[in-house]
Amino acid sequence: QLQLVESGGGLVQPGGSLRLSCGVSGFTLDYYAIGWFRQAPGKEREGVSCISISRSDGSTDYADSVKGRFTISRDNAKNTVHLQMNSLKHEDTAVYYCALVLGLFRRCPLFKSTYNYWGQGTQVTVSS
C-alpha cells in the first residue's frame, strides 16, 4: 500500500529555517508528482510547491508567497522529497502535507484536487 510520511516540522523563530521531508513507500513508481500543501487554522489548504518525478529531471513550481524562500528537491535513492524552507515568516505557520499523484507531468500541478494520496501532516510553527 502506497504511503507518504512527512517529517521535519517544528517550532522556529521568524527568519529561521526548517527542512521538511516526505518519504514514499509501498510502490516502485516511475512517473508521479509530489506536492507540498499547507493549511492554517480557519483557512483553505493551499499549494506550496511541487515536483514532477520521472527518469529524467522533473519540473518544479512554487506558490508566489514562497518563491525565493522555499526549495523543493528529491532524493531518488531514498524515495524522498524535501522542502527546504528559509526566511520563515509568521504567516508560514500551518500544518504541512505532502501528496502524490501518479502520472507523467510536463509541469507539476499545484491543485490539491489533483492529488489522491496524502500524508498525515506535520506542524510548522513560526513564532518568536
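Y96 lies in strand β9, residues 94-102; strands here are DSSP runs of E with at least two residues, numbered from the N terminus. The model is predicted: local features need pLDDT of at least 70, side-chain atom pairs count only at pLDDT 80 or more, and totals for chains, interfaces and linings use all residues. Residues are numbered from 1 along each chain as its sequence is written, and side-chain values use heavy atoms, with hydrogens and water left out.

**Surroundings of Y96**
- Y96 has a relative accessible area of 0%, so it is buried (under 20%, against over 50% for exposed and in between for partly exposed; 1.4 Å probe, protein chains only).
- Beyond its neighbours within four places in sequence, Y96 is in contact (heavy atoms within 4.5 Å) with residues including E6, L20, W36, F70 and V124.
- V48 is also in contact with Y96; the two are 48 residues apart along the chain, and their C-alpha atoms are separated by 9.0 Å.

**An open sheet**
- An open, antiparallel sheet is formed by 4 strands in the order β1-β3-β8-β7, where pairing requires at least two DSSP bridges between two strands.
- β1 (3-7) and β7 (70-75) are at the edges with a single partner strand each, so one side of each has no neighbour in the sheet.
- β1 and β3 (residues 18-25) run antiparallel and are joined by 5 bridges; Q3 has S25 in β3 as its bridge partner.
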